[in-house]
Amino acid sequence: MPTKTANTAKTAELDVLLLGANGQVGRAWSEARCGVNMVAATDRAGLDLADLESLGETLFDLVQASRPNVIVNAAAYTAVDRAEDEEPLAYAVNALAPGIIASVAANLGLPLVHYSTDYVFDGHGDAPFVETDAPAPLSAYGRSKLAGERAVQAAGGKHLILRTSWVFSMHGQNFLKTMLHLAQTRDQLRVVNDQIGAPTPAELLVRVPVDMLRQLQGVSDPRWGLYHLCPAGYTSWHGYAVYLIERARAMGWPIRVAEKAIIGIESSEFPVKATRPLNSRLATDKLQQAFDIALPDWQAGVDQVLQSLESVR
Ligand SMILES: NC(=O)C1=CN([C@@H]2O[C@H](COP(=O)(O)OP(=O)(O)OC[C@H]3O[C@@H](n4cnc5c(N)ncnc54)[C@H](OP(=O)(O)O)[C@@H]3O)[C@@H](O)[C@H]2O)C=CC1
Ligand SMILES: Cc1cn([C@H]2C[C@H](O)[C@@H](COP(=O)(O)OP(=O)(O)O[C@H]3O[C@@H](C)C(=O)[C@@H](O)[C@H]3O)O2)c(=O)[nH]c1=O
């Protein structure tokens with residue numbers, strides 16, 4: 001349900017209205033320490049993005065009640081394989097709803113932070129994709145997210161659309177937690193080694209836009225727009241699995257699988273409904289240059305989340 005929280009002391013704070021509070025990125029916004037004043041946060045029960053009839057009015061009322069100075073949409077349909085069978089629902093949540101949210105934000109003069117994905121690209125080549133590369137999604141999820149980007153842009157308000165990749169955190173479902181579980185229960189793991197990208201900690205997807213929002217100077221700032229945001233470096237899902245499992249073993253987790261039993265395989269040997277891009281690399285030069293923000297290596301985020309998981313093990 002929507003919750004209204006008391007305003008805390010202000011130092012050019014962001015008064016955030018958060019949608020998708022229970023997801024990985026939503027939880028990271030809720031846990032943000034610096035400069036984020038959460039004036040309202042909604043989950044699916046409080047604001048169902050699939051309920052397109054009432055979404056605009058409910059959101060408008062929520063804004064009136066909570067008086068944010070930025071709306072963050074961290075809600076999305078993220079079940080990549082299931083989306084192949086539920087494309088209309090994925091499209092409603094990931095494309096039509098963001099269009100409505102962006103229209104409400106634009107009408108009220110509020111900036112919107114919205115997230116998108118590497119899966120808008122077809123993954124050809126091995127060079128990192130830049131923001132101006134032509135998207136060509138391979139999956140229903142990717143198509144719905146691309147349509148969402150376009151709907152946010154079409155609404156005409158100030159926005160930051162942040163395309164990211166391979167998100168993980170200590171909360172929710174993600175590849176890191178799946179692998180950590182399987183590594184403790186299986187003798188062998190088979191993981192694709194021909195898809196490359198950068199695992200992105202949810203916390204980075206809060207820290208960086210907070211910095212960006214603080215730097216942005218009003219409506220006429222030319223830096224509003226679409227950016228790629230992920231850590232530096234890249235790996236394959238297999239490289240990611242080996243790294244996180246070996247780090248966990250070194251930290252004392254009861255890892256059962258031997259390192260040599262984490263087998264690299266091709267995507268064709270791991271059949272799934274949705275086709276994933278082989279190259280999920282995103283170039284982040286635009287963001288780094290426009291906002292003078294340095295990005296950490298992907299391994300640092302993995303280490304941090306493993307430490308957080310260790311503390312509750
Ligand atoms: N996860 C990833 O690897 C990546 C994610 N992204 C993008 O980042 C953003 C955040 O993703 P992430 O936090 O990882 O995703 P999660 O799947 O962790 O969270 C998504 C949240 O959206 C909520 N949601 C789903 N459907 C609805 C609905 N109909 N109405 C309201 N809320 C709904 C979910 O609610 P509930 O908890 O009830 O299910 C969930 O809390 C998304 O835009 C995603 O597309 C981009 C690249 C990679
Ligand atoms: C569990 C498992 C997965 N895999 C493969 C399948 C797939 O190619 C790859 C990742 O699988 P997952 O299903 O965990 O990840 P997936 O749902 O494809 O993750 C994507 O989610 C959406 C929301 C995004 O926007 C993307 O950036 C990306 O993070 O790993 C293995 O090879 N072995 C395994 O044991």
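**Exercise 1.** Determine which residues of α1 are buried, and what covers them.

**Solution.** The model is a predicted one, and a residue is counted as buried if 20 or more other C-beta atoms lie within 10 Å of its own. Applying this cut-off to α1 gives Q24, V25, G26, R27, A28 and W29 as the buried residues. The helix is therefore mostly covered, with six of its eight residues buried under that criterion. As the next step, the elements that cover these buried residues include β2 (14-19), β3 (36-42), β4 (70-73), β5, β7 (167-168) and α6 (204-215).

**Exercise 2.** Describe the shell around ligand 1, beginning with the nearest residues and ending with the division by residue class.

**Solution.** The shell holds 25 residues, of which G23, L49, A76, Y115 and V167 come nearest to ligand 1. Two or more residues of this shell are given by α1 (24-31) and by β5 (112-117), and the largest share, three residues, comes from α1. By class, the shell around ligand 1 divides into eleven nonpolar, ten polar and four charged residues.

**Exercise 3.** Carry out the corresponding analysis for ligand 2, and state which element gives the most to its shell.

**Solution.** Ligand 2 is surrounded by 20 residues, and T78, V80, T117, F175 and V192 are the closest. At least two residues each are supplied to this shell by α5 (175-185) and β8 (189-192), with β8 giving the most, namely four residues. The division by class for ligand 2 is eleven nonpolar, six polar and three charged residues.

Terms used: Residues are numbered from 1 along each chain as its sequence is written. Chains are lettered from A and ligands numbered from 1 in the order in which they are written. This is a predicted model: local features need pLDDT of at least 70, side-chain atom pairs count only at pLDDT 80 or more; totals for chains, interfaces and linings use all residues. A residue is near a molecule or strand if its C-beta atom, placed from the backbone, lies within 6 Å of it. Ala, Val, Leu, Ile, Met, Phe, Trp, Tyr, Cys and Pro count as nonpolar, Asp, Glu, Lys and Arg as charged, and the others, Gly among them, as polar. A residue is buried if 20 or more other C-beta atoms lie within 10 Å of its own, exposed if 12 or fewer, and partly exposed in between; C-beta atoms are placed from the backbone. Two residues are in contact if their C-beta atoms, placed from the backbone, lie within 7 Å.
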